[in-house]
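Here are a few notes on the charged side chains, written for a first look. Keep the structure open while you read.

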Amino acid sequence: MIMSLLVQLVDLYTFILFVYVLLSWIPTKPGILADIDNVLSKICDPYLDLFRRFIPPIGGMVDISPIFAIIVLQLVVRVLYIIF
């Protein structure tokens, strides 16, 4: 019961990370989109910063740290689900 709730929360957070990454490709002007981006950055950046310390952007522009962050997050929760 608790583990299935944890898996669902991690899936939701993964979706939020995905939306945040997609929004980072869109230039934002002041308005609702910028507000959404600010909220998502407060939610996602603390976790993503863990990976950005070790994974530099490719060519100085392409940040691949969200890919590794999502893979690690999903892998850890699935292993925990199997164990418990």
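1. A quick definition before we count: a salt bridge is a side-chain nitrogen of Lys or Arg within 4 Å of a carboxyl oxygen of Asp or Glu. By that rule you get four salt bridges here. Bear in mind that this is a predicted model.

2. Why pair up at all? Side chains of opposite charge can pair when their charged atoms come close.

3. Start with aspartate 11 and arginine 78, whose side chains form a salt bridge at 3.1 Å, N to O. This one joins distant parts of the chain: aspartate 11 belongs to helix α1 (residues 2–24), arginine 78 to helix α3 (residues 65–83), and the two are 67 residues apart. Aspartate 11 is partly exposed, with a relative accessible area of 31%, and arginine 78 is partly exposed too, at 32%.

4. Now look at arginine 52. Its side chain meets that of aspartate 45 in a salt bridge of 3.0 Å, N to O. Arginine 52 also has a salt bridge with aspartate 63, again 3.0 Å from N to O. Arginine 52 sits in helix α2 (residues 32–52) and aspartate 63 in the loop between α2 and α3, so this pair ties together parts eleven residues apart in sequence.

Note on methods: Residues are numbered from 1 along each chain as its sequence is written. This is a predicted model: local features need pLDDT of at least 70, side-chain atom pairs count only at pLDDT 80 or more; totals for chains, interfaces and linings use all residues. Side-chain values use heavy atoms; hydrogens and water are left out. Helices (H or I, at least four residues) and strands (E, at least two) are DSSP runs, numbered from the N terminus. Buried means under 20% relative accessible area, exposed over 50%, partly exposed in between (1.4 Å probe, protein chains only).
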